[in-house]
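I opened this model to look up its cores and its helix packing. My entries are below.

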Amino acid sequence: MMKILIVEDEEALAKGLKFNFEQEGYEVETAGDGHRALDLFDSADPPFDLVVMDLMLPGMSGYETTREIRLRDTCVSILVLSARTLSEDRAMAFDAGTDQYLSKPFALPELLSRIRNLKDRRQSRTTSTSATEAGVQEIPVRFEFGDGIVVDFDQFEITVAGTTHTLTTMEIQLLRYFIEHESRVRSRDQIMEDVWEDNSAFSTRSIDNFVMRLRRLIEPLPSAPRHILSVRGTGYRFVANPEPGDVDSESESS
Ligand code: CA
């Protein structure tokens, strides 16, 4: 059974959500602040599948609480439900480790359908992993490529030339996607659709920005990338182990 933690200081809203989620057959607990949320999170057995997070909370903010939860559990889905609508707020929430962002006031059916999608995704992930999707590589938790670059998907870390960097959720999701589709061309639209379920906060331009950040980390010469190659007018292609002398000739212009 899907288990949901609602972190919301507005009691009426918390109660309303709880009621509606229970109607869907989910098991629900509520917390009015971040500390309480972390207590519940830490003692949950079985663990929560989803956290619905408010950002403006008394004491510890929703951002901070999200970050704390993400440190404890890299798999749990976190959906921010917030009255804050600025793109900086969204960006901050995603940086803290949020998977989805829904602005208040929200439509209940939309929220419920997003949760159903999350549930389906989790189920298909646990029962049949990615092998069902043709051509998708199953990759280990620690993946090594190129010149000794090591990605640790559990720790959200990448080690390049002996230095370890922490990646954001978005960065690691994108990198994972590239690795899973090694050497295949993916269009920006495909990437948006496949990598981010909630892509309303993004434009295809955001993908370029994430790619730029990844390139700065993994490419010895970001202006002449060898791993994340641009494909003119389309998107990107990831190459784990390029041949010596293989460089992306198209990136200089972009
Ligand atoms: Ca609030």
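**Basis.** I worked from a predicted model, in which local features need pLDDT of at least 70 and side-chain atom pairs count only at pLDDT 80 or more, while totals for chains, interfaces and linings use all residues. Residues are numbered from 1 along each chain as its sequence is written, and side-chain values use heavy atoms, with hydrogens and water left out.

**Whole chain.** I found eight helices and 12 strands, taken as DSSP runs (helices H or I, at least four residues; strands E, at least two) numbered from the N terminus. Of the 254 residues, 46% are buried, meaning under 20% relative accessible area with a 1.4 Å probe, protein chains only. I noted an accessible surface of about 12700 Å², 48% of it belonging to carbon and sulfur atoms; the method is Shrake-Rupley with a 1.4 Å probe.

**Cores.** Which residues touch the most other members of the largest nonpolar core? They are Leu5, Val51 and Leu174, in a core of 53 residues. A nonpolar core here is a set of buried Ala, Val, Leu, Ile, Met, Phe, Trp, Tyr and Cys residues joined through side-chain atoms within 4.5 Å. Helix α6 (residues 169–180) gives the most to this core, seven residues. Domain 1 (3–127) and domain 2 (142–238) both contribute, so the core lies between them; the bounds come from an automatic or database domain assignment. I also logged a second, separate core of 17 residues, with Met2, Leu13, Leu81 and Ile115 among them.

**Alanine 37.** This residue is in helix α2 (residues 34–43) and is buried, at 0% relative accessible area. Valine 51 is 14 residues away from alanine 37 in sequence and 9.3 Å away in space, C-alpha to C-alpha.

**Helix pairs.** I took axes as lines fitted to C-alpha atoms over the stretch in contact, with angles from 0 to 180 degrees between N-to-C directions. Under 35 degrees counts as roughly parallel, over 145 as roughly antiparallel, 65 to 115 as roughly perpendicular and the rest as oblique.

- The axes of α3 (residues 62–72) and α4 (residues 87–96) come within 8 Å and cross at roughly 25°, and the two helices are therefore roughly parallel.
- For α7 (residues 188–195) and α8 (residues 204–218), the axes come within 9 Å and cross at roughly 85°, so this pair is roughly perpendicular.
- Arg188, Asp189, Ile191 and Met192 of α7 meet Thr204, Ile207 and Asp208 of α8.

Conventions:
Buried means under 20% relative accessible area, exposed over 50%, partly exposed in between (1.4 Å probe, protein chains only). Contact means heavy atoms within 4.5 Å.
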